[in-house]
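Begin with the strands, then move to the contact between the copies.

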Number of protein chains: 2
Amino acid sequence: MSSFYALIMAGGGGTRLWPLSRRARPKQALMLVGERTMFEHAVDRIAPIFQPEEIFVVTGADQVESLMIQAPELPVGNFLVEPVGRGTAPAIGLGAIHLHRRDPQAVMAVLTADHFIRDVETFRRALLAAAQVAGKGHLVTLGITPSFPSTGFGYILQGERLYEVDGFTVYRAKRFTEKPSAETAFQMVESGLYTWNSGMFIWRVDRILEEISRQMPDLYDVLMQVDAVLGTPAYEPTLARLWPELATQSIDYGVMEGAQDVVVIPVDIGWSDVGNWSSMREILPADADGNVVVGEHLGIDTRNIIVFGGRRLIATIGLEDLIIVDTDDALLVCPVEREQEVREIVRRLQEIRRNDLL
Amino acid sequence: MSSFYALIMAGGGGTRLWPLSRRARPKQALMLVGERTMFEHAVDRIAPIFQPEEIFVVTGADQVESLMIQAPELPVGNFLVEPVGRGTAPAIGLGAIHLHRRDPQAVMAVLTADHFIRDVETFRRALLAAAQVAGKGHLVTLGITPSFPSTGFGYILQGERLYEVDGFTVYRAKRFTEKPSAETAFQMVESGLYTWNSGMFIWRVDRILEEISRQMPDLYDVLMQVDAVLGTPAYEPTLARLWPELATQSIDYGVMEGAQDVVVIPVDIGWSDVGNWSSMREILPADADGNVVVGEHLGIDTRNIIVFGGRRLIATIGLEDLIIVDTDDALLVCPVEREQEVREIVRRLQEIRRNDLL
């Protein structure tokens, strides 16, 4: 089998988990489950199948130091720093040219640092199976078996069933669809033919570079200029000069939708994107009253609330279906059904220039 | 006119404003309005009519240091320290023997440190009028004109109208009643003949000592033993020996109900006992959405909530009639109509021995 590398995408920002997540403390830096950050979990769960030198991380200059401290076992040179974030396509392209130097036929697993995976055992087996499939030249995506008709994810339509590998079924990926309406989502989940696009991909570096070359020639051109100076003192200045000029592009729309030979391996691994506070329910068990609690909670007649606490005792009386998030400098209290309005809070903070809270 | 002294009762405990109030931080130590504690407000509002040496404070050993820091202008000797708290009757008795030494005919105003008074101007005029009445030998109580049929206060029934003093009407006090039922409270307020017992009394020290002697001979006996050593090194040891043996007794039930020549002066002074979080509405203005806020609040579609914050921004979405109290080590979230259950929270904290939060 070809050599196998992991590229952990850890450059994201976002404030959907405000007030816990901030510009300077994105989701991958949060300790949502236990005393490990999401990024640490991402490294931990693949540690049994990758050597430290086989794990690469692509991130931004503002985050790299923190990530190095969180994963000191990884070689410093494995942290690839983008001068500015330009979406997943450039980040993956940068990883690809680095890995291409090591082994043009290398298989790379593009993994996320801001998702939670409950069944890490199955996840690792799926990765190894996917690597075998990718070795043949397929572009492999891991499709998440949907647990509800989400309108928050892209979906992948399964086509022809190709083969079984180590207990996993490989289908041709017939179509990538964007976030659907509620009705469409319901129909797609009912049909049994769709999986969620997890953003996790496994492919040979030569194959993805080939697709980038074909579908995103501008990006490919930049990548080749960077590749030409890779390992020389000109590398960083070149990156700093070229990267800001790139358009922001996701690998899904930039490459996958039009790519040749894309396959999907449906996996049921207890995956959650932890995209909002409600999804804490997917990753943490509830107590007898249906409350999901991180921190110390003393509740009287309190049901189905989500408490994410810090250093304080949180006492509640007669509450239901509420979210309480307590951080050192900001507190959020809102009903579960209105949590999407957290972005409105963030917008108002921008308006009044409370950068300390963003 | 006789000499006039104030005795501020500042020994209370209580956790009805938990998590802000604690055993070691009772209501009089809280900054509920502005940057001054309730005790500081209590001193501030009488400062225009009393010299510092005319203001006495009775409190406990655990609080005296903090109170001295809050009112450094008062002579240290004016802080009377009870070894243990035994209710208002012993505290007032202790104050009375101290003042009796200065002037047996002195008039003393017994005042509280854990209540809020909006109209301090009228309050001061009422005190001066009451002092004139007390000089004649009457035991004067300030009766608060009821603003609603409270079941949380005792009431005083007005009897014969005696005279007018500086715009205040003096009535004979016909009866002290305990906290009434809702129905009785409604009838009492409707009748216009009742006022709330504010716990503020104005009388000559010889008169109150005479009543204590007649109605509480055990307490009087102890007071006389203390009086005998007052100003000598034996004072503190004597107090420490005798005080713990006293029964806990309130001046209302111990003396006032059976006292001779009690009069009441109804006053409308914007008085609030700040007995629970809802009463923050009585002492602070609401914003346009009906929210009463101390601290920094960012609300979306949030109405009629009470926010008592500390150092954090408190962001809320879609909330109504809720109380949020945020302190350094504990947070309370509960509906307004269930705030009496805060005592249940306190009880549970006792049960699990979280003395740090009590």
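Two strands pair if DSSP finds at least two bridges between them. Helices (H or I, at least four residues) and strands (E, at least two) are DSSP runs, numbered from the N terminus. By that criterion, Ala330(A) stands opposite Leu313(B) in β13(B). Leu331(A) faces Ile314(B), also in β13(B). Strand β15 (residues 330-335) of chain A and β13(B) pair in the parallel sense, over 4 bridges.

A word on the model. It is predicted: local features need pLDDT of at least 70, side-chain atom pairs count only at pLDDT 80 or more, and totals for chains, interfaces and linings use all residues. Residues are numbered from 1 along each chain as its sequence is written, while chains are lettered from A and ligands numbered from 1 in the order in which they are written.

Now stay with β15(A). Within chain A, 5 bridges join it to strand β14 (residues 322-326), and the two run antiparallel. One bridge sets Ile323(A) against Cys334(A) of β15(A). A hairpin of 3 residues links β14(A) to β15(A). How many of the 6 residues of β15(A) are buried? The count is 5, so the strand is largely enclosed by the rest of the structure. Buried means that 20 or more other C-beta atoms, placed from the backbone, lie within 10 Å of the residue's own; exposed means 12 or fewer, and partly exposed is in between.

Next, the whole interface. Two residues are in contact if their C-beta atoms, placed from the backbone, lie within 7 Å. On that basis 26 residues of chain B touch 26 residues of chain A. On chain B, β12 (292-300), β13 (306-317), β14 (322-326), β15 (330-335) and α11 (342-351) each supply at least two residues of that side. By class, the side has 17 nonpolar, 2 polar and 7 charged residues. Here Ala, Val, Leu, Ile, Met, Phe, Trp, Tyr, Cys and Pro count as nonpolar, Asp, Glu, Lys and Arg as charged, and the others, Gly among them, as polar.

How do the copies relate? Chain B can be laid on chain A with an RMSD of 0.1 Å by a turn of 180 degrees and a shift of 0.1 Å along the axis. That is the relation of a two-fold axis. The superposition is by least squares on C-alpha atoms of residues with pLDDT of at least 70 in both copies. Of the interface residues of chain B, 100% are also interface residues in chain A, so the copies meet through the same surface.
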